Amino acid sequence: MKLSELKRFPAPCPGMPGLLHGGDYNPDQWLDCPEVLEEDVRLMKLAGINSASVAIFAWKALEPEEGVYNFTWLDETLDRLWKGGVSVILATPSGARPDWMDRDHPEVLRVNADRTKNLHGTRHNHCYTSPYYRQKVQQMNRLLAQRYGKHPAVKMWHVSNEYGGECHCSLCQNAFRDWLREKYHNNIDELNHQWWTSFWSRGYSSFDEIESPAPHGETAVMGLILDWKRFVTWQTGQFYLNEIAPLRELTPDLPVVINMMGLYPGLDYWKLAPLVDVVTWDNYPSWHTDQCSTWEKAAETAFVHDLNRSMKQKPFMLMESTPSLVNWQNCNKLKRPGMHILSSLQAVAHGSDTVQYFQWRKGRGAFEKFHGAVVDHCGHEHTRVFSEVAELGQMLQRLAPVAGSSVQPDVAIVYDWENRWAIDALQGLNRNRRYAETCIQHYKSFWKRGIPCDIIDMEQDFSSYKLIVAPMLYMLKEGVADRLKTFVRGGGQLVLTYLTGYVNRNDLCFTGGFPGDGLMELAGLWNEEIDSLYDSDRNSLETGDGSFEVRDYCERIHPAPGCEVLGSYGSDFYAGEPALTRNSYGKGACWYLACRTGEDFLDRFYGQLAEELSLTPSWLGNLPEGVSVQPRGCDGETWLFVMNFSEQEQFVTLKGRFTDLLTGETVCGRTRLPVYGVRVLKAEA
């Protein structure tokens with residue numbers, strides 16, 4: 001299907017077509033400065049802001065003492081914003097509790113893994129299981145929905161803020177045991193088998209004996225570690241469903257969202273995504289770092305944008321970003337001129353229908369007083385940052401036709417949270433596992449070529465893709481191997497790597513050889529053993545295209561008859577043994593890379609696959625290093641976002657005739673991109 005044949009998705013906020021431009025707004029911090037609140041509306045108009053996320057941490061301002069409410073300031077805020085032409089994403093305040101709650105109901109305080117109890121302070125310091133806290137959250141949200149559900153300014157619910165963390169209190173321990181009883185059908189023998197508790201005499205006689213992992217307790221049972229992490233995600237989801245119940249009941253037409261945190265390891269977002277109406281995430285890459293080039297950071301960021309778009313296969317929302325800097329990185333470097341516009345439009349290029357910030361105005365005190373904002377402490381619009389935000393606001397208005405469009409990639413990269421947890425927890429190999437980084441490394445080879453990718457987990461539908469890349473698929477959940485076989489048998493191409501198919505969902509090793517669960521048949525080989533290399537060790541992958549450096553991991557594999565050997569090891573006792581294979585299977589093929597290479601090999605390998613499978617979009621030739629081209633399309637139209645993440649001027653040659661939505665000029669053939677430059681080109685029929 002051509003991009004132009006895709007159907008347009010509805011706006012994420014009903015009644016707000018086009019692209020949203022806004023951010024976190026905290027009027028509750030400025031209630032003693034009414035002149036500031038009036039000035040905010042004037043400045044929002046200047047900046048092209050059309051939405052504001054309000055009341056995210058405002059519980060104390062809304063309920064200063066238990067049962068004593070003050071909604072007057074919020075009434076005035078919503079009225080003032082609506083009168084000024086700014087719509088509202090209204091937050092529920094459960095992300096940070098007021099002091100009176102911790103004082104009078106200490107059971108809401110979180111207990112750490114070492115079983116120490118937190119004091120009042122910070123945020124998200126609450127127990128997800130506490131009946132009292134769940135009741136209070138519902139009560140507050142019901143009041144908000146009753147009072148503001150019909151307010152014309154309110155377009156969406158922003159639930160809590162950046163769910164995260166875990167609680168090990170007695171309430172959570174009991175909830176965990178109940179969760180285990182249900183998973184293992186109240187059969188403690190089955191749990192013991194799946195957790196392999198005969199090791200070190202770890203067997204349980206009863207579910208009541210089970211405790212969550214603790215630094216001074218159980219740390220050596222991988223099944224326990226995995227199930228605890230699954231439970232934390234499940235319990236977070238249950239807390240969310242409890243929190244939104246009154247919102248769904250009283251305001252069924254208003255979308256409900258939570259803001260996710262990229263590749264945050266503590267929660268499996270694949271399990272939370274079905275519970276929200278729109279996927280949103282908070283994006284804070286460290287631009288201009290000395291750790292990698294700007295374009296490499298751009299590729300990493302693009303991976304996460306594509307992950308969030310892929311979670312619901314529709315446009316997402318960039319709920320938070322910074323217009324300048326943050327205050328929590330090791331070095332909080334300013335965004336260089338042009339980077340704010342470029343990085344914001346990168347999110348739009350990969351499927352966001354919004355650009356939103358933390359924060360609108362810098363606060364005067366506490367932890368985030370030096371975090372970037374649209375309005376600095378000077379309080380006026382005469383700053384470089386404000387000017388760039390205002391310029392972007394004008395651009396987003398011109399890009400309104402792009403809203404609701406999407407992309408339909410032929411390539412999918414498998415990134416699975418449970419697989420990551422299992423790899424992180426395993427004892428063995430070396431410490432250079434870097435699962436997420438490895439997935440991104442494979443993704444980069446497509447990003448460099450302007451080839452769109454979905455990021456999926458192993459439980460998604462495979463059938464729509466030409467090529468699936470599944471790096472380090474260490475864990476195989478039930479049925480995954482059979483579904484991969486079906487995909488390849490029907491003509492799909494599959495790339496597997498070292499560390500594939502070692503354990504099942506509960507971290508039990510497959511017997512009969514690796515890759516297990518039937519993948520040996522698909523890959524056409526047997527993996528006898530894996531060698532972990534020291535940081536200083538190097539091997540090589542020798543292919544017909546040259547010699548490529550190998551580090552970290554080398555598997556010794558034995559191809560079956562008919563499996564084609566495409567590369568071999570260059571040194572060590574397994575020199576000359578196979579390291580890269582291709583096995584025909586049905587109408588498709590499975591490729592197996594038995595060692596960790598650098599990007600030089602991956603670029604060459606995927607470049608050849610892209611040519612063989614006709615993956616490169618028809619409008620593209622070779623792209624200069626650091627230039628990214630990403631498409632969106634729908635309703636008969638296609639747009640290309642052409643972005644320069646390099647530190648020098650670049651020229652790109654495109655096939656076809658285009659109109660630049662930002663300048664109105666016609667573009668054909670060779671086009672210039674300044675440093676951090678971006679063009680949004682509408683393809684002519």
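Which residues does His-124 touch, not counting residues up to four places away in sequence?

Modeller: This is a predicted model, so treat what follows as computed from it. His-124 touches Gly-95, Arg-110, Ser-160, Asn-161, Glu-162, Tyr-163 and Gly-164, once residues up to four places away in sequence are set aside. His-124 sits in the loop between helix 4 (99-104) and helix 5 (131-148). Its relative accessibility is 8%. Buried means under 20%, so His-124 counts as buried.

The peptide bond from Phe-358 to Gln-359 is cis, with omega near 20 degrees. Gln-359 belongs to the loop between strand 9 (354-357) and helix 12 (384-398). There is another cis bond to inspect, between Phe-514 and Pro-515, where omega is about -5 degrees. Pro-515 is in the loop between strand 13 (493-497) and helix 16 (519-523).

Helix 16 also holds Glu-521. With a relative accessible area of 47%, Glu-521 is partly exposed. Its contacts, leaving aside neighbours within four places in sequence, are Lys-485, Asn-583 and Tyr-585. Cys-634 is 113 residues from Glu-521 in sequence. In space, the two are 41 Å apart, C-alpha to C-alpha.

Now step back to helix 11 (residues 339-349). Of its 11 residues, 11 are buried, so this helix is largely enclosed by the rest of the structure. The buried set runs from Met-339 to Ala-349 and includes His-340, Ser-343, Ser-344 and Gln-346. Leu-342, Leu-345 and Val-348 are also among them. After helix 11 comes Gly-351, with a positive phi near 120 degrees.

Helix 10 (residues 294-312) packs on helix 11. Two packed helices are described by the angle between their axes and the distance between the axes. Here the axes come within 10 Å and cross at roughly 30 degrees. The crossing of helix 10 and helix 11 is right-handed. Helix 10 brings Thr-294, Ala-298, Thr-301, Ala-302 and His-305 to the contact. Helix 11 brings Met-339, Gln-346 and Ala-347. By class, the contact has four nonpolar, four polar and no charged residues.

Helix 10 has a further partner in helix 13 (residues 417-425). Helix 13 is mostly covered, with eight of its nine residues buried. These are Trp-417, Glu-418, Asn-419, Arg-420, Trp-421, Ala-422, Ile-423 and Ala-425. The buried residues of helix 13 pack against helix 8, helix 9 (269-272), helix 10 and helix 14 (435-447).

His-288 is in the loop between strand 7 (280-282) and helix 10. Its phi is positive, near 60 degrees, in a residue other than glycine. His-288 has 16% relative accessibility, so it counts as buried. Ser-201 lies in the loop between helix 7 (188-195) and helix 8 (222-250). Ser-201 is not a glycine either, yet its phi is positive, about 55 degrees. At 70% relative accessibility, Ser-201 counts as exposed.

Rolling a probe the size of a water molecule over the atoms shows where empty space is left. A search of the whole structure gives seven cavities of 30 Å³ or more. The largest cavity has a volume of about 160 Å³. It is lined by 19 residues. Pro-285, Trp-287, Thr-322, Ser-324 and Lys-335 lie nearest its centre. That lining has seven nonpolar, 10 polar and two charged residues.

Definitions and conventions
Residues are numbered from 1 along each chain as its sequence is written. This is a predicted model: local features need pLDDT of at least 70, side-chain atom pairs count only at pLDDT 80 or more; totals for chains, interfaces and linings use all residues. Side-chain values use heavy atoms; hydrogens and water are left out. Buried means under 20% relative accessible area, exposed over 50%, partly exposed in between (1.4 Å probe, protein chains only). Helices (H or I, at least four residues) and strands (E, at least two) are DSSP runs, numbered from the N terminus. Axes are lines fitted to C-alpha atoms, for helices over the stretch in contact, and angles run from 0 to 180 degrees between N-to-C directions. A crossing is left-handed if the near helix is turned anticlockwise from the far one by less than a right angle, and right-handed if clockwise. Contact means heavy atoms within 4.5 Å. Ala, Val, Leu, Ile, Met, Phe, Trp, Tyr, Cys and Pro count as nonpolar, Asp, Glu, Lys and Arg as charged, and the others, Gly among them, as polar. On a 1 Å grid over the protein atoms alone, a cavity is a set of points where a 1.4 Å probe fits but cannot get out, and a pocket is an open set with protein on both sides within 12 Å along at least five of seven lines; lining residues have an atom within 4 Å of a point. Grid points are joined across faces, edges and corners, and a volume is the space filled by probe spheres set on the points.
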